[in-house]
Amino acid sequence: MKAWQLSENGEPQDVLRLDEVADPRPGEGQLVVRVLATPVNFPDVLLCRGQYQIKPPLPFTPGVELCGEVVEVGEGVTGFAPGDRVLGSAALPTGGFAELALMDAPRTFPAPESLSDAEAASLFIGYQTGHFGLHRRAGLREGETLLVHAAAGGVGSAAVQLGKAAGAKVIGVVGGPKKAEVAKELGADLVVDRQSEDFVPVVKEFTGGKGADVVYDPVGGDTYTRSTKCIAFEGRILIIGFAGGTIPTPGLNHALIKNYSIVGLHWGLYNERDPQLVVDAHRELARLADEGLIRPLISERLPLGAVADGVRRVGEGSTVGRVVYDRSV
(Lines give C-alpha, C1' and ligand atoms only; values in the text may rest on other atoms or scores of the structure.)
Protein backbone atom coordinates (compact mmCIF):
# COMPACT_ATOMS: atom_id res chain seq x y z
CA MET A 1 0.00 0.00 0.00
CA LYS A 2 0.94 3.65 -0.24
CA ALA A 3 1.56 5.50 3.02
CA TRP A 4 3.13 8.75 4.18
CA GLN A 5 6.10 7.92 6.38
CA LEU A 6 8.67 9.89 8.30
CA SER A 7 12.08 8.48 9.15
CA GLU A 8 13.33 11.55 10.98
CA ASN A 9 11.75 14.45 12.82
CA GLY A 10 11.39 17.92 11.37
CA GLU A 11 8.92 20.15 9.57
CA PRO A 12 6.22 18.09 7.81
CA GLN A 13 7.09 19.22 4.29
CA ASP A 14 10.73 18.21 4.86
CA VAL A 15 10.37 14.80 6.49
CA LEU A 16 7.18 13.20 5.13
CA ARG A 17 7.66 10.80 2.21
CA LEU A 18 4.98 8.88 0.27
CA ASP A 19 6.28 5.32 0.14
CA GLU A 20 5.18 1.80 -0.78
CA VAL A 21 5.01 -0.24 2.43
CA ALA A 22 3.68 -3.64 3.47
CA ASP A 23 -0.05 -3.93 4.13
CA PRO A 24 -0.76 -3.98 7.88
CA ARG A 25 -2.02 -7.10 9.65
CA PRO A 26 -4.26 -6.87 12.70
CA GLY A 27 -2.95 -7.81 16.11
CA GLU A 28 -5.16 -9.04 18.91
CA GLY A 29 -8.02 -6.59 19.46
CA GLN A 30 -7.26 -4.66 16.27
CA LEU A 31 -8.92 -3.99 12.92
CA VAL A 32 -7.47 -3.28 9.50
CA VAL A 33 -9.48 -0.59 7.72
CA ARG A 34 -9.45 0.86 4.24
CA VAL A 35 -8.97 4.55 4.93
CA LEU A 36 -11.87 6.62 3.61
CA ALA A 37 -10.84 9.95 5.15
CA THR A 38 -8.27 11.30 7.62
CA PRO A 39 -8.28 14.89 8.91
CA VAL A 40 -5.07 16.74 9.71
CA ASN A 41 -4.81 17.46 13.43
CA PHE A 42 -2.25 19.68 15.13
CA PRO A 43 -0.88 16.60 16.93
CA ASP A 44 0.10 15.30 13.47
CA VAL A 45 2.29 18.39 13.09
CA LEU A 46 3.81 17.80 16.53
CA LEU A 47 4.38 14.11 15.70
CA CYS A 48 6.41 15.15 12.66
CA ARG A 49 8.44 17.57 14.77
CA GLY A 50 8.97 15.03 17.55
CA GLN A 51 7.21 17.33 20.01
CA TYR A 52 4.15 15.25 20.80
CA GLN A 53 3.78 13.40 24.12
CA ILE A 54 3.56 10.14 22.17
CA LYS A 55 6.69 9.29 20.15
CA PRO A 56 6.17 6.25 17.90
CA PRO A 57 9.31 4.45 16.76
CA LEU A 58 10.65 5.65 13.42
CA PRO A 59 9.64 5.17 10.68
CA PHE A 60 5.90 5.62 11.17
CA THR A 61 2.78 6.96 9.49
CA PRO A 62 0.95 9.87 11.19
CA GLY A 63 -2.77 10.57 10.98
CA VAL A 64 -4.26 10.21 14.45
CA GLU A 65 -7.97 9.83 13.58
CA LEU A 66 -9.91 8.57 10.60
CA CYS A 67 -13.03 7.14 9.04
CA GLY A 68 -12.57 3.79 7.38
CA GLU A 69 -14.19 0.62 6.07
CA VAL A 70 -13.34 -2.53 8.01
CA VAL A 71 -11.30 -4.97 5.91
CA GLU A 72 -10.17 -7.51 8.51
CA VAL A 73 -10.66 -8.04 12.24
CA GLY A 74 -8.08 -9.49 14.59
CA GLU A 75 -8.41 -12.08 17.30
CA GLY A 76 -10.80 -11.15 20.07
CA VAL A 77 -12.61 -8.39 18.17
CA THR A 78 -16.39 -8.42 18.50
CA GLY A 79 -19.02 -6.00 17.28
CA PHE A 80 -17.28 -5.20 13.99
CA ALA A 81 -17.24 -7.00 10.66
CA PRO A 82 -15.74 -6.40 7.20
CA GLY A 83 -17.68 -3.71 5.38
CA ASP A 84 -18.59 -1.68 8.49
CA ARG A 85 -17.97 2.07 8.24
CA VAL A 86 -16.22 3.20 11.41
CA LEU A 87 -14.42 6.17 12.93
CA GLY A 88 -11.96 6.66 15.75
CA SER A 89 -8.26 6.66 16.60
CA ALA A 90 -5.59 5.19 14.38
CA ALA A 91 -3.28 2.72 16.11
CA LEU A 92 0.10 4.38 15.63
CA PRO A 93 2.62 3.73 14.18
CA THR A 94 0.19 2.67 11.41
CA GLY A 95 -1.70 5.97 11.09
CA GLY A 96 -4.39 7.28 8.80
CA PHE A 97 -2.33 9.02 6.11
CA ALA A 98 -2.27 5.83 4.07
CA GLU A 99 -4.46 3.54 2.00
CA LEU A 100 -4.84 1.12 4.92
CA ALA A 101 -4.56 1.68 8.67
CA LEU A 102 -4.83 -0.14 11.98
CA MET A 103 -7.39 0.71 14.66
CA ASP A 104 -7.76 -0.63 18.20
CA ALA A 105 -11.29 -1.96 18.71
CA PRO A 106 -11.91 -0.07 22.00
CA ARG A 107 -11.22 3.22 20.21
CA THR A 108 -13.35 2.42 17.17
CA PHE A 109 -16.99 3.49 16.80
CA PRO A 110 -19.79 3.30 14.23
CA ALA A 111 -19.76 6.26 11.83
CA PRO A 112 -23.07 8.19 11.77
CA GLU A 113 -24.89 7.73 8.47
CA SER A 114 -25.79 11.43 8.49
CA LEU A 115 -22.15 12.44 7.97
CA SER A 116 -19.91 12.09 4.93
CA ASP A 117 -16.62 10.22 5.24
CA ALA A 118 -14.67 13.45 5.74
CA GLU A 119 -17.16 14.72 8.32
CA ALA A 120 -17.27 11.41 10.19
CA ALA A 121 -13.48 11.28 10.31
CA SER A 122 -13.50 14.71 11.98
CA LEU A 123 -16.10 13.87 14.64
CA PHE A 124 -13.77 12.11 17.04
CA ILE A 125 -10.87 14.00 18.67
CA GLY A 126 -12.03 17.61 18.27
CA TYR A 127 -15.65 16.96 19.25
CA GLN A 128 -14.79 14.54 22.04
CA THR A 129 -12.37 17.14 23.40
CA GLY A 130 -15.05 19.81 23.18
CA HIS A 131 -17.69 17.62 24.80
CA PHE A 132 -15.50 16.57 27.72
CA GLY A 133 -14.06 20.05 28.14
CA LEU A 134 -17.27 22.03 28.04
CA HIS A 135 -19.50 19.61 29.93
CA ARG A 136 -17.44 17.37 32.21
CA ARG A 137 -14.59 19.74 33.07
CA ALA A 138 -16.05 23.24 32.78
CA GLY A 139 -19.71 22.47 33.52
CA LEU A 140 -21.07 24.80 30.85
CA ARG A 141 -24.70 25.71 31.54
CA GLU A 142 -27.47 26.95 29.31
CA GLY A 143 -27.49 30.74 29.09
CA GLU A 144 -23.82 31.14 30.05
CA THR A 145 -21.30 32.97 27.87
CA LEU A 146 -18.59 30.86 26.22
CA LEU A 147 -15.46 32.49 24.79
CA VAL A 148 -13.76 30.29 22.16
CA HIS A 149 -10.26 31.08 20.92
CA ALA A 150 -9.15 29.95 17.44
CA ALA A 151 -12.87 29.60 16.74
CA ALA A 152 -12.44 28.90 13.01
CA GLY A 153 -9.95 26.07 13.49
CA GLY A 154 -10.63 22.37 13.81
CA VAL A 155 -10.89 22.24 17.61
CA GLY A 156 -12.38 25.72 18.01
CA SER A 157 -15.08 25.21 15.40
CA ALA A 158 -16.25 22.09 17.26
CA ALA A 159 -16.41 24.06 20.52
CA VAL A 160 -18.51 26.80 18.89
CA GLN A 161 -21.06 24.27 17.63
CA LEU A 162 -21.16 22.34 20.91
CA GLY A 163 -21.54 25.55 22.88
CA LYS A 164 -24.52 26.60 20.77
CA ALA A 165 -26.03 23.11 21.04
CA ALA A 166 -25.79 23.48 24.84
CA GLY A 167 -27.68 26.79 24.77
CA ALA A 168 -24.72 29.05 25.52
CA LYS A 169 -24.00 32.46 24.05
CA VAL A 170 -20.77 32.05 22.10
CA ILE A 171 -18.07 34.61 21.38
CA GLY A 172 -15.50 33.44 18.84
CA VAL A 173 -12.02 34.93 18.57
CA VAL A 174 -10.21 34.48 15.25
CA GLY A 175 -7.28 35.86 13.29
CA GLY A 176 -8.37 37.58 10.10
CA PRO A 177 -11.57 38.49 8.22
CA LYS A 178 -11.81 35.16 6.35
CA LYS A 179 -11.79 33.26 9.62
CA ALA A 180 -14.30 35.73 11.07
CA GLU A 181 -16.77 34.84 8.34
CA VAL A 182 -16.28 31.14 9.09
CA ALA A 183 -16.95 31.65 12.80
CA LYS A 184 -20.15 33.51 11.99
CA GLU A 185 -21.31 30.68 9.73
CA LEU A 186 -20.63 28.23 12.56
CA GLY A 187 -23.17 30.10 14.68
CA ALA A 188 -21.08 32.30 16.97
CA ASP A 189 -23.21 35.10 18.44
CA LEU A 190 -20.29 37.52 18.29
CA VAL A 191 -16.97 37.26 16.45
CA VAL A 192 -13.80 39.20 17.32
CA ASP A 193 -10.94 39.53 14.86
CA ARG A 194 -7.91 39.74 17.14
CA GLN A 195 -5.89 41.23 14.29
CA SER A 196 -8.00 44.39 14.35
CA GLU A 197 -9.43 44.60 17.89
CA ASP A 198 -8.77 43.55 21.46
CA PHE A 199 -11.20 40.86 22.57
CA VAL A 200 -11.07 41.86 26.26
CA PRO A 201 -13.19 45.05 26.08
CA VAL A 202 -15.49 43.44 23.50
CA VAL A 203 -16.23 40.54 25.86
CA LYS A 204 -16.84 42.91 28.77
CA GLU A 205 -19.23 45.03 26.71
CA PHE A 206 -21.10 41.99 25.34
CA THR A 207 -21.60 40.60 28.85
CA GLY A 208 -22.47 43.90 30.52
CA GLY A 209 -19.20 43.90 32.43
CA LYS A 210 -19.63 40.37 33.82
CA GLY A 211 -17.13 38.60 31.58
CA ALA A 212 -17.14 35.13 30.02
CA ASP A 213 -18.29 32.22 32.18
CA VAL A 214 -16.15 29.70 30.28
CA VAL A 215 -13.04 30.32 28.17
CA TYR A 216 -12.02 27.57 25.72
CA ASP A 217 -8.31 28.06 25.11
CA PRO A 218 -6.34 25.83 22.72
CA VAL A 219 -3.79 28.62 22.11
CA GLY A 220 -2.04 29.52 25.38
CA GLY A 221 0.56 32.27 25.68
CA ASP A 222 -0.75 35.83 25.67
CA THR A 223 -4.20 34.57 24.70
CA TYR A 224 -4.48 32.92 28.11
CA THR A 225 -3.14 36.01 29.90
CA ARG A 226 -5.63 38.29 28.15
CA SER A 227 -8.47 35.88 28.94
CA THR A 228 -7.88 36.37 32.66
CA LYS A 229 -8.81 40.02 32.12
CA CYS A 230 -12.34 39.15 31.00
CA ILE A 231 -13.24 36.03 32.97
CA ALA A 232 -16.43 36.18 35.03
CA PHE A 233 -16.78 35.65 38.78
CA GLU A 234 -16.67 31.87 39.28
CA GLY A 235 -15.67 31.52 35.62
CA ARG A 236 -13.66 28.61 34.25
CA ILE A 237 -10.67 28.89 31.93
CA LEU A 238 -10.34 25.59 30.09
CA ILE A 239 -6.78 24.73 29.04
CA ILE A 240 -6.91 22.63 25.86
CA GLY A 241 -3.44 23.12 24.38
CA PHE A 242 -0.72 25.54 23.37
CA ALA A 243 -0.98 25.96 19.61
CA GLY A 244 0.49 29.45 20.00
CA GLY A 245 3.78 27.84 21.02
CA THR A 246 4.08 29.35 24.52
CA ILE A 247 2.98 27.65 27.72
CA PRO A 248 1.69 30.33 30.13
CA THR A 249 2.74 30.53 33.76
CA PRO A 250 -0.42 31.73 35.50
CA GLY A 251 -0.37 34.00 38.55
CA LEU A 252 -2.38 31.94 41.01
CA ASN A 253 -2.94 35.00 43.20
CA HIS A 254 -4.99 36.45 40.33
CA ALA A 255 -7.22 33.35 40.22
CA LEU A 256 -7.71 33.71 43.97
CA ILE A 257 -8.54 37.42 43.86
CA LYS A 258 -11.00 37.10 40.94
CA ASN A 259 -12.44 33.76 42.08
CA TYR A 260 -12.07 31.81 38.84
CA SER A 261 -10.90 28.29 38.07
CA ILE A 262 -8.12 27.11 35.77
CA VAL A 263 -9.20 23.72 34.44
CA GLY A 264 -7.01 21.36 32.43
CA LEU A 265 -8.12 18.72 29.94
CA HIS A 266 -6.09 15.82 28.60
CA TRP A 267 -8.89 14.02 26.81
CA GLY A 268 -6.76 11.03 25.83
CA LEU A 269 -6.52 9.92 29.46
CA TYR A 270 -10.22 9.03 29.49
CA ASN A 271 -9.54 6.31 26.91
CA GLU A 272 -7.36 4.63 29.53
CA ARG A 273 -9.04 5.53 32.83
CA ASP A 274 -12.74 5.49 32.00
CA PRO A 275 -13.35 4.39 28.39
CA GLN A 276 -17.11 4.05 28.95
CA LEU A 277 -17.28 7.85 29.19
CA VAL A 278 -15.80 8.05 25.67
CA VAL A 279 -18.40 5.58 24.41
CA ASP A 280 -21.18 7.63 26.02
CA ALA A 281 -19.81 10.85 24.53
CA HIS A 282 -19.71 9.29 21.06
CA ARG A 283 -23.37 8.31 21.32
CA GLU A 284 -24.28 11.85 22.32
CA LEU A 285 -22.19 13.37 19.53
CA ALA A 286 -23.74 10.99 16.97
CA ARG A 287 -27.19 12.03 18.19
CA LEU A 288 -26.33 15.72 17.83
CA ALA A 289 -24.97 15.05 14.33
CA ASP A 290 -28.06 13.10 13.29
CA GLU A 291 -30.27 15.94 14.55
CA GLY A 292 -28.25 18.50 12.58
CA LEU A 293 -27.03 20.37 15.67
CA ILE A 294 -23.35 19.76 14.91
CA ARG A 295 -21.51 19.09 11.67
CA PRO A 296 -17.74 19.18 11.22
CA LEU A 297 -16.63 22.04 9.00
CA ILE A 298 -14.61 20.59 6.10
CA SER A 299 -12.73 23.34 4.31
CA GLU A 300 -10.56 21.17 2.05
CA ARG A 301 -10.58 17.60 0.77
CA LEU A 302 -7.16 16.45 -0.40
CA PRO A 303 -5.91 13.48 -2.42
CA LEU A 304 -3.33 11.29 -0.72
CA GLY A 305 -0.49 12.95 -2.60
CA ALA A 306 -1.25 16.39 -1.13
CA VAL A 307 -1.22 15.36 2.53
CA ALA A 308 2.26 16.67 3.41
CA ASP A 309 1.37 20.16 2.21
CA GLY A 310 -1.89 20.03 4.15
CA VAL A 311 -0.03 19.13 7.34
CA ARG A 312 2.37 22.01 6.70
CA ARG A 313 -0.43 24.54 6.34
CA VAL A 314 -2.25 23.34 9.45
CA GLY A 315 1.04 23.77 11.34
CA GLU A 316 1.33 27.32 10.05
CA GLY A 317 -2.19 28.15 11.23
CA SER A 318 -3.32 29.32 7.79
CA THR A 319 -6.29 26.94 7.44
CA VAL A 320 -9.90 27.04 8.64
CA GLY A 321 -12.08 24.15 9.76
CA ARG A 322 -10.74 20.71 8.88
CA VAL A 323 -8.30 19.85 6.10
CA VAL A 324 -8.97 16.20 5.25
CA TYR A 325 -7.35 13.48 3.17
CA ASP A 326 -10.36 12.06 1.35
CA ARG A 327 -9.96 8.81 -0.59
CA SER A 328 -12.71 9.85 -3.04
CA VAL A 329 -10.79 12.95 -4.25
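Guide: First, a word on terms: helices (H or I, at least four residues) and strands (E, at least two) are DSSP runs, numbered from the N terminus. This is a predicted model, where local features need pLDDT of at least 70, side-chain atom pairs count only at pLDDT 80 or more, and totals for chains, interfaces and linings use all residues. Residues are numbered from 1 along each chain as its sequence is written, and side-chain values use heavy atoms, with hydrogens and water left out.

Visitor: Thanks! Where is Pro93, then?
Guide: Pro93 sits in the loop between β5 (85-89) and β6 (100-104). The peptide bond leading from Leu92 into Pro93 is cis, with omega near 20 degrees.

Visitor: Which residue does a cis peptide bond join to Pro59?
Guide: That is Leu58, and omega there is about -10 degrees. Pro59 belongs to the loop between α2 and β4 (65-73).

Visitor: Let's zoom out. How many helices and strands does the chain have?
Guide: There are 12 helices and 15 strands. The chain's radius of gyration is 20 Å, close to the 20 Å that the globule rule gives for 329 residues, so the chain is as compact as a globular protein of that length. That radius is taken over C-alpha atoms, and the rule is 2.2 Å times the number of residues to the power 0.38. Along its principal axes, the C-alpha trace spans about 60 × 40 × 35 Å.

Visitor: And what share of the residues count as buried?
Guide: Of the 329 residues, 55% do. Buried means under 20% relative accessible area, exposed over 50%, and partly exposed in between (1.4 Å probe, protein chains only).

Visitor: Is Val35 buried or exposed?
Guide: Val35 is buried, with a relative accessible area of 0%. You'll find Val35 in strand β3 (residues 30-39). Not counting residues up to four places away in sequence, Val35 touches several others, including Cys67, Gly96, Leu100 and Tyr325; contact here means heavy atoms within 4.5 Å.

Visitor: What separates the C-alpha atoms of Val35 and Glu99?
Guide: They are 5.5 Å from each other, although the two residues are 64 residues apart along the chain.

Visitor: Okay, new topic: aromatic rings. How many aromatic pairs are there?
Guide: The count comes to three aromatic pairs. Rings of Phe, Tyr and Trp (its six-membered ring) pair if their centres lie within 6.5 Å; planes under 30 degrees apart count as stacked, over 60 as edge-to-face and the rest as tilted.

Visitor: Why is the pair of Phe109 and Phe124 given the name it has?
Guide: The ring centres of Phe109 and Phe124 are 5.5 Å apart and the planes are at 40 degrees, so the pair is tilted. Phe109 lies in strand β7 (residues 108-110) and Phe124 in the loop between α3 (117-121) and α4 (125-137), so the pair ties together parts that are 15 residues apart in sequence. Phe124 also forms an edge-to-face pair with Trp267, at 5.2 Å centre to centre and 85 degrees between the planes. Ring pairs link Phe109, Phe124 and Trp267 into a cluster.

Visitor: Nice. Now charges: how many salt bridges does the structure hold?
Guide: It holds 20 salt bridges, a salt bridge being a side-chain nitrogen of Lys or Arg within 4 Å of a carboxyl oxygen of Asp or Glu. In one of them, the side chains of Arg85 and Asp117 meet at 2.7 Å, N to O. Arg85 lies in strand β5 and Asp117 in helix α3, so the pair ties together parts that are 32 residues apart in sequence.

Visitor: What about Asp309 and Arg313, what do their side chains form?
Guide: They meet in a salt bridge (3.1 Å, N to O). Being four residues apart in helix α12 (residues 307-316), Asp309 and Arg313 are separated by about one helical turn. Salt bridges that share partners join Glu300, Asp309, Arg312, Arg313 and Glu316 into one network.
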